[in-house]
Amino acid sequence: MPVPEILDAALLRLDCPPADCSLCPRLAGFRAATREAHPDWFNAPVPSFGDPEPALLIVGLAPGLRGANRTGRPFTGDYAGDLLYRTLLKSGFATGEYGADPTDGLELRHARITNAVRCVPPQNKPETSEIAACGRFLAAELRASRSIRAILALGAIAHNAALAAKGLKRAPYKFAHGATHELPDGTLLADSYHCSRLNTNTGTLTPQMFEAVIAGLAERLGSLAPPDRSPPTPTA
Ligand code: SF4
């Protein structure tokens, strides 16, 4: 039975936490302290960014303190964003120029970016209970965007959060860089190491490894995409 329009609208609203969300007391306190120290920063749950009807949903871990928590756009303003957006531009999932600022005019094509945890955690380390609490918003985002054909999980925490949001157990779907998993509803779950400075500095993830994952998804979505939405075209 088709979902009534009024319920559709409610689902769309549920994927965005309120600016004063207090489901995670530790993170709400950290937000308040950061707001006190940096009143000109965003300092709130960071909303998803990109195509409202994406074929690909990219799930990161959480906003970086001086990145998304400062600017208010996922992966914007820190090293991880430099690599992510550069790669999305190269693969055709983004157009424009990335200027490390939400006003740079960059647009995502067929892709949307969100985080497993919407509020910045101290030391980039959310607790298990916080990942579980914020999972309701990821689940709502997945329900609201029925165009999603693939999920790219950046790291094991995002991978596990995506499975939980889909109501699936972890055991049949082990995280591994470069792995892809067919989920029961037909969605493709793809894995990559997180594009953090730590991972690239240690050689865990090279830009070439990351580009290979995103280019592979662009190619697969070419055949997975609905007929009325043309796939992204990689640039030279
Ligand atoms: S991390 Fe998510 S659930 Fe927790 S306070 Fe922030 S928005 Fe709310």
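Predicted model: local features only at pLDDT ≥ 70, side-chain atom pairs only at ≥ 80, totals over all residues.
Local features need pLDDT of at least 70 and side-chain atom pairs count only at pLDDT 80 or more, while totals for chains, interfaces and linings use all residues. Residues are numbered from 1 along each chain as its sequence is written.

**The sheet**

Helices (H or I, at least four residues) and strands (E, at least two) are DSSP runs, numbered from the N terminus. Two strands pair if DSSP finds at least two bridges between them. Strands of a sheet pair through backbone hydrogen bonds, either parallel or antiparallel.

Six strands make up an open sheet with mixed pairing, in the order β1-β5-β2-β6-β8-β7. Its edges are β1 and β7 (180–182), each of which pairs on one side only.

| Strands | Sense | Bridges | Opposite residues |
|---|---|---|---|
| β1 (residues 49–50) and β5 | antiparallel | two | G50 and R112 |
| β6 and β8 | parallel | five | A150 and L188 |

Strand β5 (residues 111–115) is mostly covered, with five of its five residues buried. A residue counts as buried if 20 or more other C-beta atoms lie within 10 Å of its own, as exposed if 12 or fewer do, and as partly exposed in between, with C-beta atoms placed from the backbone. A111, I113 and N115 point one way from β5, R112 and T114 point the other way, and all are buried.

After α6 comes G167, with a positive phi near 75°.

Helix α4 (residues 79–91) has 13 residues and reaches 19 Å from its first C-alpha to its last, close to the 18 Å expected at 1.5 Å a residue. The expected span is 1.5 Å times one less than the number of residues in the helix. Buried in α4 are A80, G81, L83, L84, Y85, T87, L88 and S91. G92, which follows α4, has a positive phi near 95°.

**The ligand shell**

Of the 13 residues around the ligand, P17, C21, C24, C119 and C134 come nearest. A residue is near a molecule if its C-beta atom, placed from the backbone, lies within 6 Å of it. Helices α2 (25–37) and α5 each supply at least two residues of this shell, and α5 gives the most, with three.

By class, the shell holds 11 nonpolar, no polar and two charged residues. Ala, Val, Leu, Ile, Met, Phe, Trp, Tyr, Cys and Pro count as nonpolar, Asp, Glu, Lys and Arg as charged, and the others, Gly among them, as polar.

**A loop residue**

P39 lies in the loop between α2 and β1. P39 is exposed because 8 other C-beta atoms lie within 10 Å. P39 and R70 are 31 residues apart in sequence, and their C-alpha atoms are 9.8 Å apart in space.
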